[in-house]
Structures are given as structure tokens and as C-alpha cells.
Amino acid sequence: MRTPVLAANWKMHKTIDEAVAFTAALREQVKDVTDAEIILSPPFTAVRAVADAARGTRLGIAGQDLFWETQGAFTGEVSAGLLKDAGATYVIIGHSERRHLFGETDAAVNAKVRAALASALTPIICVGETLEERESNRTLAVLDRQIAEGLTELTAEEAGGLIVAYEPIWAIGTGRSATPAQAQEAHASIRARLEQAFGRDAAARCRVIYGGSVKPESIRKLSTQPDIDGALVGGASLDPSRFAQIVAGGRPTPV
Ligand code: PEP
């Protein structure tokens with residue numbers, strides 16, 4: 001039985017004060033949740049403040065990206081060590097906005113994943129196809145490539161501890177979610193690829209979560225699919241009550 005993950009990705013939203021107010025409101029609303037991992041991903045500027053506001057709770061904190069070097073002359077970049085120092089224990093890697101707006105390649109994703117693991121940060125690795133790739137029946141091949149190249153040189157132990165986020169690009173921020181059946185097909189294929197590369201035990205342990213226009217109204221049908229272990233949520237995670245509703249719907253036993 002895999003523990004579900006409900007992760008908020010705030011992208012380039014929320015000042016420090018707004019992020020802290022959100023965290024204070026959410027911690028109240030989810031204080032009884034012990035059967036799911038809840039993760040907040042603030043902008044870098046608010047990581048420390050959110051980690052402080054979440055202290056003493058089960059809320060986890062993620063960076064939205066990192067750079068693979070440990071330190072040096074890399075203006076504007078943030079290392080795994082700096083993220084950990086600020087209070088993060090997870091990091092989102094290879095989000096489609098990084099891949100498409102900032103030219104991030106599968107090789108860069110792999111270097112970032114390995115840097116995260118070397119610093120004991122749990123990577124949340126995003127994969128997903130464009131609309132054009134889906135319409136030309138290339139979805140599963142694209143996912144295979146992203147998984148194979150993004151996870152190169154990982155051990156089975158490391159692969160089992162990952163969180164993979166299946167985020168079809170056409171569903172992100174569009175209001176058009178994948179159907180539960182479309183998402184389940186992609187998740188099952190990702191798990192099969194993980195099994196091929198890392199063995200059955202690692203594939204069975206790895207959490208594969210769905211992202212793309214998840215709403216309080218859609219989470220339950222998605223999260224009851226056998227290979228969907230939670231959600232990565234953008235727009236609907238900006239409001240604490242809506243995100244708390246998503247947490248409630250994504251739990252093994254919803255309230
Ligand atoms: C995301 O950016 O990771 C995401 C899933 O966004 P949204 O929920 O807004 O589609």
C-alpha cells in the first residue's frame with residue numbers, strides 16, 4: 001500500500017506573508033491527516049518561512065527546481081544543499097514549464113535527480129507529453145524516453161523512493177484534465193517501465209502522481225485508479241480550502 005502524495009506547486013505565486021498565511025490556514029485544516037503526504041512547493045524566497053510555519057506538522061516542503069552543482073559561480077541557481085538548509089526535503093524536477101520555457105533536457109533532469117538524491121532530497125520528477133505527441137500516438141514512447149533518460153544510473157533503492165508526476169502538458173493550467181482512464185493508462189505504463197528498469201519491488205514502491213488541472217471535484221475519481229498515488233496541483237493549490245479539499249479527496253479513506 002503506497003502512501004498518497006498531495007503536492008501543491010505554487011509556481012511564481014505568493015509573497016512570504018501570503019505563503020505563511022496559507023500555511024497557517026492549511027495546517028489547521030489538515031491537522032488530522034496522517035494517511036497522506038502533503039507537500040507545499042513555495043517560490044525559493046518563501047521556502048524558509050513556509051518551513052518555519054509548518055514546523056511541528058506533517059507538512060513537507062519542496063523546492064520547485066535545483067541546480068546539480070553543489071556550489072560555485074552559478075548566478076541565479078540554487079543547489080540541493082541550499083534547499084535543504086532552507087527546510088526543503090523534496091524538490092520538483094523537470095516540470096514541463098522548465099523543460100519548455102527554459103530548455104531543460106532529459107540529461108539535465110537526470111543530473112538534477114542525482115544531485116537531489118546525493119543530498120537526501122526526494123525528487124518529484126515530472127514527465128508528460130504535448131498535445132501533438134498524444135494526437136500522434138506517441139504518449140507512451142515519450143514517457144518511456146523521459147523515464148529512461150531522467151532516471152539513468154539510479155539504483156533500484158533510489159528509484160523506489162522517487163515520486164514521479166505524470167503531467168500531460170495539454171492538461172496543465174488549461175482546465176482540461178486527463179480522464180481517469182487516460183491517466184491510469186499512462187501511470188500503468190510508467191510503472192511497467194520502472195519495473196523493467198529497476199525491478200518489481202522498486203516499481204511497486206514508487207509513487208506515481210497525476211498533475212494537470214486537478215480540482216476538488218476531480219481528485220477522487222483520479223486517485224481511486226490503481227496506479228494513481230495522488231496529485232501535483234498548480235492553480236487549485238493556491239487557496240488553502242480548495243487544496244485541503246483535494247487532500248481530503250486524495251486520501252485512502254476520504255472524509
Ligand atoms: C502544475 O503546474 O504542476 C499543474 C499541475 O498545474 P495545474 O494544476 O494548474 O494544471
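## Helix packing

Helix α7 passes helix α9 in a right-handed crossing, a crossing being right-handed if the near helix is turned clockwise from the far one by less than a right angle, and left-handed if anticlockwise. This is a predicted model, in which local features need pLDDT of at least 70 and side-chain atom pairs count only at pLDDT 80 or more, while totals for chains, interfaces and linings use all residues. Residues are numbered from 1 along each chain as its sequence is written, and side-chain values use heavy atoms, with hydrogens and water left out.

The axes of α7 and α9 (residues 180–198) are 10 Å apart, and the two helices pack at an angle of about 40°. That angle makes α7 oblique to α9, where oblique covers the angles left over once those under 35 degrees (roughly parallel), over 145 (roughly antiparallel) and 65 to 115 (roughly perpendicular) are set aside. Helix α5 (residues 106–118) and α7 (residues 139–150) have axes that come within 8 Å and cross at roughly 45°, and α5 and α7 are therefore oblique to each other as well; α5 passes α7 in a right-handed crossing.

## Ligand surroundings

The ligand is surrounded by 14 residues, of which K11, H95, E167, G173 and S213 are the closest; a residue counts as near if one of its heavy atoms lies within 4 Å. This shell divides into four nonpolar, eight polar and two charged residues, with Asp, Glu, Lys and Arg taken as charged and Gly placed among the polar ones.

A polar side-chain atom of K11 lies 2.5 Å from an oxygen atom of the ligand, and an N or O atom in the side chain of H95 is 2.8 Å from a ligand oxygen. From the backbone, an N or O atom of G234 lies 2.8 Å from an oxygen atom of the ligand. On its own the ligand has 290 Å² of accessible area, of which the protein covers 96%, as computed by the Shrake-Rupley method with a 1.4 Å probe.

Key:
A polar contact is a pair of N or O atoms within 3.5 Å; within protein, one must be able to donate a hydrogen and the other to accept it, and residues adjacent in sequence count only if both atoms are side-chain atoms. Axes are lines fitted to C-alpha atoms, for helices over the stretch in contact, and angles run from 0 to 180 degrees between N-to-C directions. Helices (H or I, at least four residues) and strands (E, at least two) are DSSP runs, numbered from the N terminus.
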